[in-house]
Amino acid sequence: MFWRRAAHGRVGFRRSLPELGLLLLATLVLLEGSVLPLGAASSPETGITPGAGVSHGHADKNHSETKHKKPFPVLGLNYDSVKTPFEISLWVLLASLMKLGFHLLPRVSSIVPESCLLIVVGLLVGGGIKLIREEVPPVLDTKLFFYCLLPPIILDAGYFLPIRPFMENLGTILMFAVVGTLWNAFFVGGFLFAVCQIPHASLSHIGLLPCLLFGSIISAVDPVAVLAVFEEIHINELLHILVFGESLLNDAVTVVLYHLFEEFSEAGTVTVLDGFLGVISFLVVALGGVLVGAFYGFVAALTSRFTYHIRVIEPLFVFVYSYMAYLSAEVFHLSGIMALIACGAVMRPYVEANISHKSHTTIKYFLKMWSSVSETLIFIFLGVATVEGPHQWNWVFVTATVILCLVSRVIGVVGLTFVINKFRMVNLTTKDQFIIAYGGLRGAIAFSLGFLLDIEHFKDMREIFLTAIITVVFFTVFVQGMTIKPLVELLAVKKKQEAKRSINEEIHTQFLDHLLTGIEDICGHYGHHHWKDKLNRFNKKYVKGFLIAGERSKEPQLIAFYHKLEMKQAIQLVESGGGSKLPSAMPSTVSMQNIQPKNQPPPPKPTERALPQLTKGREEEIRKILRSNLQRTRQRLHSYNRHTLVADPDEEGFQDIILKKQKMMELDRKIKEMANYLSVPSHPKDSPTMSRARLASDPQAYNIKLPAGGVPTIQVDLASPQSPDSVNLLDEIGKAEQKEDSGLMMKPPESNGPEKAGEKDGWRDQQKLTRCLSDPGPGAEEDEDEPFLP
Amino acid sequence: MGATQTRSGQEYQELAERTGFSAEQIRNLHKRFQQLSGNEDTISREHLKSIPALANNPIRKQIIEAFFDKRNQHGNELGSYEEIGFEEFLMVMSHFRPPTLRTTEEEKEAMRKEKVRFLFNMHDTDGDGKITLVEYRKVVEELLSKSGTIGQEAAKAIADAAMLEVASTNVPNMGPDDFYEGITLEHFEEILKGLEMETRMHVRFLDVSTTNVYCGK
């Protein structure tokens, strides 16, 4: 390890120069931003005088033309009109450059979580600006935060929320979110009030209700901070979803408590009726938020059903509908965060079934990009706002807050887990409890809520509150954020399993679902699985047909999963050049005796194993293709069974060509089968001529050009292509093969995944490829460019 | 409910030890058994088939068959029963118990093996200790059985791909002449490692007596 560190040091040094350059650039950019406003102070005057001069001149024109004309300004300075967008862009640029910078410092970023570094940067920037201008812009404006910075992060979280674990643990999550937050709020608020009564502390002006209000602000676990920290520690799915789900769902509680206590701080007293109304208000806020979100989600899904002609704006619908859901919920004082989560989670399965593959990628990357920038900005602004203040440091209050927060969190988690474990199947261990308690980070939401406090009402208290909030946020983010990673290692908490979903796991997950539902039915009680099954059936029967376009609405989940898997592999196949990974051996369909998995023989010696992978089953398949399409070659192929192919090096060249052709045949056959099966599911097999004729008129057929390497007589000519893109794709496969100088070496496949790709890539992917290629993305334009190339 | 009188606390105790259920749970399950069997001592396949809620289940046949499979009785017999008594019913149900806080790691491991074995038996219908391609295809077909003809075509492809995956994960270096006969129990365990059966494959068994759902008899 020692030598490694030294190596890193060396590399770090070599890398430090561009880093320095980056930092220098960033500071310059920043200074420019802060210096220019100084210049802006003077520009209004310069802006006015020419104007005044001109108007004056005009007025004078009537009297006399003797006023001399000012020379036409060749270069002017008008910073005012671009001020706001300019500054915003500067901040975003700074945030992105910082993020870039951190990744150039591998050692630092592995010790310190990014969020801490960003806060430090914010502090530095804030300090810098304060030195220069003696006044820091109020960047963490509440409106900006709640309407611009927070939604992308929450939408990203909601859209990609893993529904299954979330739903399975919903009870636990709700318990933590609702009861846990309530407990925290009252505990911290109550005890703080007690602390305030201490005579020396000079805090006696803070009443009970303001204390409770403060408690409610500080008690909520913050999704931004949790996301930022937990992203880097990769703990297992259960813990992640528990803490994260809690941070999302406690928004409703926070909203209600905040408004409740704020209202009543003015009034001064709380009655039982108010408490009761508070409970009802909570239900309204939470359920209302979810309903609003679900409504917008359904509308978005419905809209996406009709977008197949204009694929380019599909992502826009997703974003706008979600944002509208958020804003609509905010209008009615409902929980915007829950609306956003509900919208994203509801619309996702239907929208993904409807939109093109490119739109899906776009949505994913836009969401990640926005949420990443937002998060960075939030932490930087936290740093800047800390410098700005206003602060009033009170030792007693602040330390009491920090300690009480920690204590209440621990007690809350332990107590709740004790109760929850009675109802859970899989109990939460002490280690789990520790991580849940330790992962209760506070963040920018608490700060913004504190900022929102009415200045008049909480005259003396606001600053104390803000200082305490910032301290708690800093403490949790820095101390807890930095130490959670080593603690996770130390306690050997189970980490996230990196396995990609295999088809077997999917099959068995479904199988288990049905099995457990069946057992529950036999046992005779309506449990968890029974209702889930009912919901699924309802979904399949009514909702999917309504919201998903075309054939996909009837596609069972297993098949959809399988298609997605194939799609991924097909894309991988194409990206990797196509030719080198040949289709894996398929289980024989005719003889049904063997299943031949992919082999990993030693690197093939060309003379010996020209075609190591061709198995009996494969050969049968090829025979079938040719039998149905082209009668002539049947005899020719028959003589090339596996044994002769392998053992006959003289025929190598010809075999290559034959095999290339066979691959194309196979693609062709698969397309034919696919065309048969998709357009008319139960179509009987026709004579070759008939099927070819059908293909000629089939709009979904593709043009397959055989490799131009002197292929003998056999030609297969299908119908004209549907779109130029489809030709490109398959041409690529063809071209890639031609590029191969080693002829048709069936190189030993590298890994399990792509193995299946070749086997099935022509198969059902063609349909998906149409979908993904049919949108007029950049690919289409590439074609049009070709005539211009020499 | 004359039959319940014959079961004394003693017998429940013995069953509790063998299967791991609590006495309360056994009592409830016994009530359910009585309901399903029409107060007789044994249940046949028809009794289970007539549960209305099961009608929508695509793998209904396999589930029912699992109850009558001798391999699930923790013995070494093969074949299947025609009718089963309460003890056998309970044994099958015991495969679905969840682990508790007190379950040790070894017990969890044993539990997982048992559950995986149960699944394996459900797939391996001819009892030869291997899931062949045909059997696996059947499994996938049944899963997709409610989806019409599209399901049938896709089922074959999916099963083939899945089989390939199992083979390539477990026996990556097969030569071109080798024949992968079928998924053995070890291979099956291997591919399901990621699913953590001991925490997923369970049903909540009631401790408190509730009014039983009308089972349609």
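Author: Val320(A) belongs to helix α12 of chain A, residues 314-331; helices here are DSSP runs of H or I with at least four residues, and they are numbered from the N terminus. The model is predicted, so local features need pLDDT of at least 70 and side-chain atom pairs count only at pLDDT 80 or more, whereas totals for chains, interfaces and linings use all residues. Residues are numbered from 1 along each chain as its sequence is written, chains are lettered from A and ligands numbered from 1 in the order in which they are written, and side-chain values use heavy atoms, with hydrogens and water left out.

With a relative accessible area of 43%, Val320(A) is partly exposed, a class that lies between buried (under 20%) and exposed (over 50%), with a 1.4 Å probe and protein chains only. Val320(A) is one of the residues of a nonpolar surface patch of about 530 Å². Accessible areas come from the Shrake-Rupley method with a 1.4 Å probe, and for residues only the protein chains shown count as cover. A salt bridge, in turn, requires a side-chain nitrogen of Lys or Arg within 4 Å of a carboxyl oxygen of Asp or Glu; by this rule, 19 salt bridges are counted over all chains.

For contrast, Ser408(A) in helix α15 (residues 395-420) of chain A is buried, at 0% relative accessibility.

Methods:
Helix = DSSP H or I, 4+ residues; strand = E, 2+ residues; numbered from the N terminus. Patch = residues over 30% accessible without salt bridge, like charges linked within 9 Å, V, L, I, M, F, W, Y side chains within 5 Å.
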